[in-house]
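Subject: Structure handover

Hello,

Here is the structure I promised you. Please open it alongside this email; my notes follow below.

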Amino acid sequence: MPTICLVGTLDTKGREYAWLRDRLRDLGCEAVLVDAGVGRAQVDADVGNDRVARAAGAEVEALRAAGDRGAAVAAMGEGAAAILAELHGAGRLDAVLAVGGSGGTSIAARAVRDLPIGLPKLIVSTMASGDVSPYVGAKDVTLMYSVVDIAGVNRLSRRILGNAAAAVAGMASAALPAGAEDRPLVAASMFGVTTPAVDAARERLEELGYETLVFHATGSGGRALEGLAGSGLLAGVLDLTTTELADDLVGGVLSAGPERLTAAGAAGVPQVVAPGALDMVNFGPRDTVPERFEGRTFHVHNPAVTLMRTTAGEMGELGRRVAAKLRGALGPTALFVPRGGVSALDAPGAAFHDPKADEACFEALSDGLRGTDVEVEELDLHVNDPGFGRAMADRLHRMISSGGAN
């Protein structure tokens, strides 16, 4: 019998949660009701709000008396996360279901943020039809739009909440198909303009006995890779496509934040890195590019994506930033430099071919890593030459198989 944890504000949504609890039991699941509200609960909870508040280092009475809704939401989200971690550690958590408006969704999103990828997390929310990135982040959170407000169980909400209960019960009960769970996991970063390189590396890693997880370098992909790199699940990282750092530096739309390219190093995970696609910054349709960039070199990738070539100055700064991040790595680290170009657009005759700009990056990388334990391998190959990706894969394999030694 799978155990599903219901996390919600029982002072305002108690009746809806009671209905969901009963429905889950009808579906053959055990339901654990966690009260993340600070008011008086409308129904009895299995884990009361006093315990949730204390798990966050607070007292529910103090939160209630303060009348600060934002502080209460933050505290109860932290407390709920601690309760879920406790239940998961005890083997009593197979899925999480939550319903709510903006406050309830914020609490639930924080509560599930640290749970393992693969554990079902479903939130029925009034906020699910807009920008959901603050709630999903880089985790596998499923959001379902509530259509109507979560205000009673009526003819419409009964169908929606019933579907949510059935969905999470199914996810919690489903057995995974047989797979090669014993193969070590490697994460790789890819963009459309570095796909041949990553395909070659992935094929080589599979020959060597690894399972490769590929992350699209679109900002959210980079954040997901960083989150997984610190999870303890990865044997190594093949970070061939570090392009999100260019968006972070210049102001593009696909930044993964300033912490990109730090998690593997901080966790001591073996990593092999390349400056893949640092020649470009991403924007939306051509007419959305900020006016301050007029006069730069652009390539319209498709109607929704406009790429801008990074300058020699920007490439030099990117080289310095990458070097600084790699210098701080606690685990074995190698940098591979493709002297023939860093993306499909940075090849002879292509729109972004600019050897001088590339050289500014390569020199900064070399200068920043001189005298460190980071191995720098310069190859007279384009990044998408099959030999480049295979060389990176072979180097990562040697790192992993030798116990992490460079």
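How many bridges join strand E11 to strand E12, and do the two run parallel or antiparallel? Four bridges join them, and the strands run antiparallel. E11 covers residues 298-302 and E12 covers residues 305-309. Together they form a hairpin, with two residues between them. His299 has Leu307 of E12 as its bridge partner.

Before you go further: this is a predicted model.

**Overall picture**

The chain has 406 residues, and buried residues make up 50% of them. Its secondary structure comes to 14 helices and 14 strands. The C-alpha trace spans about 70 × 50 × 40 Å along its principal axes. Take the contacts between residues at least 6 apart in sequence: 73% of these join residues at least 24 apart.

**The six-stranded sheet**

Look next at an open sheet of six strands, paired in parallel. The order is E7-E6-E8-E9-E13-E14. Strand E7 (211-216) and strand E14 (375-379) are the edges, and each pairs on one side only. On average, neighbouring strands of this sheet are turned by 20° against each other, direction ignored.

Within this sheet, strand E6 (residues 185-190) runs parallel to strand E8 (residues 234-241). Four bridges join the two. Ala188 stands opposite Leu238 in E8. Helix H8 (residues 195-207) lies across E6, E7 and E8. Its direction is at about 170° to E6.

**Cores**

The largest nonpolar core holds 55 residues. Which of its residues touch the most other members? They are Ile4, Val7, Leu24, Leu84 and Leu97. Helix H4 (residues 69-89) supplies the largest share of this core, with eight residues.

Ile4 is worth a click. Leaving aside residues up to four places away in sequence, Ile4 touches Leu24, Cys29, Glu30, Ala31, Val32, Ala95, Leu97, Val168, Ala169 and Ala172.

**A helix pair**

Helix H12 (residues 312-327) packs with helix H13 (residues 355-369). Their axes are 7 Å apart, and the angle is about 25°. Why do H12 and H13 count as roughly parallel? Angles under 35 degrees count as roughly parallel, so H12 and H13 fall in that class. Their crossing is right-handed.

- From H12: Ala312, Met315, Gly316, Gly319, Arg320, Val322, Ala323, Leu326 and Arg327.
- From H13: Ala357, Asp358, Ala360, Cys361, Ala364, Leu365, Gly368 and Leu369.

Met315 and Val322 of H12 and Cys361 of H13 are in this contact.

Ala391 lies in helix H14 (residues 386-401). Is Ala391 buried, exposed or partly exposed? Its relative accessible area is 23%, so Ala391 is partly exposed. The cut-off for buried is under 20%. Ala391 touches Phe336 and Leu379, not counting residues up to four places away in sequence. Leu379 belongs to the range of edge strand E14 (375-379). Ala391 and Ser106 are 285 residues apart in sequence. In space, Ala391 and Ser106 are 44 Å apart, C-alpha to C-alpha.

Best wishes

Terms used:
Residues are numbered from 1 along each chain as its sequence is written. This is a predicted model: local features need pLDDT of at least 70, side-chain atom pairs count only at pLDDT 80 or more; totals for chains, interfaces and linings use all residues. Side-chain values use heavy atoms; hydrogens and water are left out. A nonpolar core is a set of buried Ala, Val, Leu, Ile, Met, Phe, Trp, Tyr and Cys residues joined through side-chain atoms within 4.5 Å. Buried means under 20% relative accessible area, exposed over 50%, partly exposed in between (1.4 Å probe, protein chains only). Contact means heavy atoms within 4.5 Å. Two strands pair if DSSP finds at least two bridges between them. Axes are lines fitted to C-alpha atoms, for helices over the stretch in contact, and angles run from 0 to 180 degrees between N-to-C directions. Angles under 35 degrees count as roughly parallel, over 145 as roughly antiparallel, 65 to 115 as roughly perpendicular and the rest as oblique. A crossing is left-handed if the near helix is turned anticlockwise from the far one by less than a right angle, and right-handed if clockwise.
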